[in-house]
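This briefing covers chain shape, sheets, salt bridges and the chain contact. Please read it beside the coordinates.

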Protein chains: 2
Amino acid sequence: MKYTERVEKWGVFELCCTGKAVADPFAVSHIRATFSSAHERKTVSGFYDGGRVYKVRFMPSFAEEYRFSVEGDVLDAPLSGTFAAVEPSAGNHGPVGVRNRFHFAYADGMPYFPIGTTCYVWELQSDELIARTLKTLKASPFNKLRFCVFPKSYCYNAREPRAYPYEGTPTDGGNVTEDNVEGLGPDTPGNQWDFSRFDPAYFRHIEGCILKLQGLGIEADLILFHPYDRWGFSTMTREQNEFYLKYVCARFAAYRNLWWAFANEYDFIKSKTTEDWERFAQIVVENDPYGRLRSIHNGGPFYDHSRPWVTHCSIQRPPEGTADWRQAYGKPVVLDEMQYEGNIQFAWGNISAQELTRRFWEALCRGGYGGHGETYVGEDLWWSHGGELKGESPARIAFMRKVLEEAPAGGLKPKGMAWDDVCAVPEDEALERESGYHLFYYGIHRPTFRWFDMGNEDDYDVEILDTWNMTVRFAGRFRGRFRIELPGREYMAVRMRKA
Amino acid sequence: MKYTERVEKWGVFELCCTGKAVADPFAVSHIRATFSSAHERKTVSGFYDGGRVYKVRFMPSFAEEYRFSVEGDVLDAPLSGTFAAVEPSAGNHGPVGVRNRFHFAYADGMPYFPIGTTCYVWELQSDELIARTLKTLKASPFNKLRFCVFPKSYCYNAREPRAYPYEGTPTDGGNVTEDNVEGLGPDTPGNQWDFSRFDPAYFRHIEGCILKLQGLGIEADLILFHPYDRWGFSTMTREQNEFYLKYVCARFAAYRNLWWAFANEYDFIKSKTTEDWERFAQIVVENDPYGRLRSIHNGGPFYDHSRPWVTHCSIQRPPEGTADWRQAYGKPVVLDEMQYEGNIQFAWGNISAQELTRRFWEALCRGGYGGHGETYVGEDLWWSHGGELKGESPARIAFMRKVLEEAPAGGLKPKGMAWDDVCAVPEDEALERESGYHLFYYGIHRPTFRWFDMGNEDDYDVEILDTWNMTVRFAGRFRGRFRIELPGREYMAVRMRKA
């Protein structure tokens, strides 16, 4: 048994045990450990990591002494020990959770505003490409990355992944081309997999990627199932799926930056029913001792986000309905797919940087959070492979993120919206009153002036934001009814605060 | 009794009688005439036109001999006579009606594609400004004009109209300013009107304007009621409204280019109920012997366009719902207000020319018809006053009109729409099959190429349309599955026809 005797609060304590060889080593029932401290007590399953190695991972939530005991039929005898969880280092704010119904915060109380992007299978590319992706992410505004456990087969996704999650051999890839995947799907012949035997190296590699993201302050929004498949990973049996879910829970749940995204486009996975998804959710709820964030992303119709296990709405749709979805579900609204900046053949992947930036602002001012993706024709498309960003929206999204971070804490909510104008104020009513913060956003509208009536009680400092050109200009201090001149261009905003 | 002995089919035959002075001359019950020919027989009410003059107007629908007889309590004795309705001259195609459920045609069978604009009170401006408006219209693509019988009081509408519809004196205008009409409304004090006495000159002037439009091939979409009022014309009693409706029917119904728009923004006229609108409709149906087109325009929620008297949906909304509204109401969908090109303070009046043009194309490709308006800050705003057009959308709308006129007859309908892509094909299924006409429109989307599969039976001639730069480029002749390269810009369309 190996382990480190000191670990940060919200870090990962890992037990590494040598165990017996068994016929079905990947069943998580072979090893489990109980951790206890003054403030918590958790029993977690371990997992088989190849050779004769069994591991148990645990995230302590308190900076204090922990005791643990390990048992399991692969061990000769129960084991036990202690370790110290110490205060977190500077970049460690703990896991993200839902803070005030519609917004998120880290466990240490620091607000977390999701500014997500999507690179579906970036971690299954070459080391060189992965390194480039991480370098790009480091310089980007993004603090959440959506990606899949399973490889992706689709237009622009013809090449094989770097490895496979199961022992076996894949189909030869059939006739997939960059333009056309007709006739390809999970029933493509030629796959030979042993769904009872994972390749531990595959999952170890993903863990490395999750930790690299953690080092960059990026949440790993890990997609458990998706429909774009020529290997049969989307049509495993119910038992195989449950086996898989327990294994990934045992391996991944301890990482504080992990989120569970049950599906990309659950409704496009025709082999699974609502009953399946509910059962999957139950398994993850039971096998994730930390209650990581959980969502399920639609292609067409939404999943029922009011289900208790859904922590936030992960939505594919333009942002104009954000306020309605907040009301309908009473949960944070994250628009993980609002169409992507790019120029490929599909409508979902060929909007302009201006339009994607606009959608981010619309989501923000309606009390939600947009998501980015990029699909410019080329060898590697950011949306799937990572690499470098070619687009013009990330710089504007960074500008928006700064505006959001300068707002009163706790996120924004939409204020009475007339026509297409939107206005955001602090979610917290006390902060709203105290700050007088208002963020008006005009999107495609081009007023040359606007009248405001802020009442006669307070002075307001008024700034004009050009969200495309990324400028902030102080317009003056006003009270009562006043007129602000604007440039008659698209993508302008007005920010006000009590002086 | 004066009248012309020869009149064009679909022209106006006007009887002018000298009658007795009566206490309530404007009641249309004082004079009526019956017209009969081999193919039709109609009895129509006349109207008082000032002095001792009573008039009766009639539109013959057949080129043949007509007999008429006039009677009424203001006449000493019944009168009668005959006239000849002759074949229409070149520009006279008769009144527009609904042709094939979702589209319009003139009475002679020529298709009519509404390409409307709005100048709410252009006819109540100075002669000089009216002349400029007509000159602008003549050079424009527009063939329908929405405007009001009653004057308008609103932002940018502070000045008094050239005249008033009733005998009396108006309010002094109160504190209306270009930016602010708060506190102004139909209950503004100081108005003194005799709602039983119209000013015939006011209505005669409007008739002149209707005829000027007719001369330009423009339909007069005449708005009977609207909410933007400081004179009390929007809050007359039920009896006064009925009196008014019968009078305008008697005066205007015979003009073949007249459409009845019961309201601009019926739901913003708080003084009127659904019962009122239904009663108004009944009066117009009973008093308009020609069954002119009838609509009622919303501000927020739609009126129930499935009501039998509604001939087409006049809608204020962006065009994305067009296909749904076609299905819901089974009638032509005319998007008379989709927001206007301009730069005023309001969201409804400050979209770009690109965006308004895009909305026209979206409406077209979803089986409906867009409407134009222009609101650039200045002395005269086209949307209300007419004058000159400053914007860039009319030229693009003219290009779209040409594309529409080059399509197979009978209008377009939407074909299976995936994501945000739209494709229009001929409404008529036989024409659809025969022509193979497809109009794909990409809007804000920017594909650099598209794949098509048109089947192996026919060759297709493919053209690439740049709807903003107004160009058509032949891309080649193709069959089966083929790829078309596109420029990766917004606002592109692809047109195909069987070779």
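The points below are grouped by topic, after a note on conventions.

The model is predicted, so local features need pLDDT of at least 70 and side-chain atom pairs count only at pLDDT 80 or more, while totals for chains, interfaces and linings use all residues. Residues are numbered from 1 along each chain as its sequence is written, chains are lettered from A and ligands numbered from 1 in the order written, and side-chain values use heavy atoms, with hydrogens and water left out.

**Overall shape of chain A**
- Chain A has 9 helices and 31 strands; these are DSSP runs numbered from the N terminus, with helices being H or I of at least four residues and strands E of at least two.
- The radius of gyration of chain A is 24 Å, close to the 23 Å that the globule rule gives for 499 residues, so chain A is as compact as a globular protein of that length. The radius is taken over C-alpha atoms, and the globule rule is 2.2 Å times the number of residues to the power 0.38.
- Along the principal axes, the C-alpha atoms of chain A fill a box of roughly 80 × 60 × 40 Å.

- In chain A, 3 strands form an open antiparallel sheet in the order β9-β10-β11; two strands count as paired if DSSP finds at least two bridges between them.
- β9 (96-98) and β11 (111-112) of chain A are the edges, each with a single partner strand, so one side of each has no neighbour in the sheet.
- Strand β10 (residues 104-106) of chain A is joined to β11(A) by 2 bridges, and Ala105(A) has Pro111(A) as its bridge partner in β11(A).
- In chain B, an open antiparallel sheet of 3 strands runs in the order β2-β6-β5, with β2 (13-18) and β5 (47-48) of chain B as edge strands.
- β5(B) pairs antiparallel with strand β6 (residues 53-58) of chain B over 2 bridges, and Tyr54(B) in β6(B) is the bridge partner of Tyr48(B).

**Salt bridges**
- Over all chains, the search finds 79 salt bridges, each a side-chain nitrogen of Lys or Arg within 4 Å of a carboxyl oxygen of Asp or Glu.
- One of them joins Asp221(A) and Lys144(A) at 2.7 Å, N to O. Asp221(A) is in strand β16 (residues 219-225) and Lys144(A) in strand β13 (residues 144-148) of chain A, so the pair ties together parts 77 residues apart in sequence.

**Contact between chains A and B**
- The contact (heavy atoms within 4.5 Å) takes 35 residues from chain A and 35 residues from chain B.
- Elements of chain A that give two or more residues to the side touching chain B are β21 (341-342), α6 (353-365), β27 (449-453) and β30 (481-485). β27(A) gives the most, with 3 residues.
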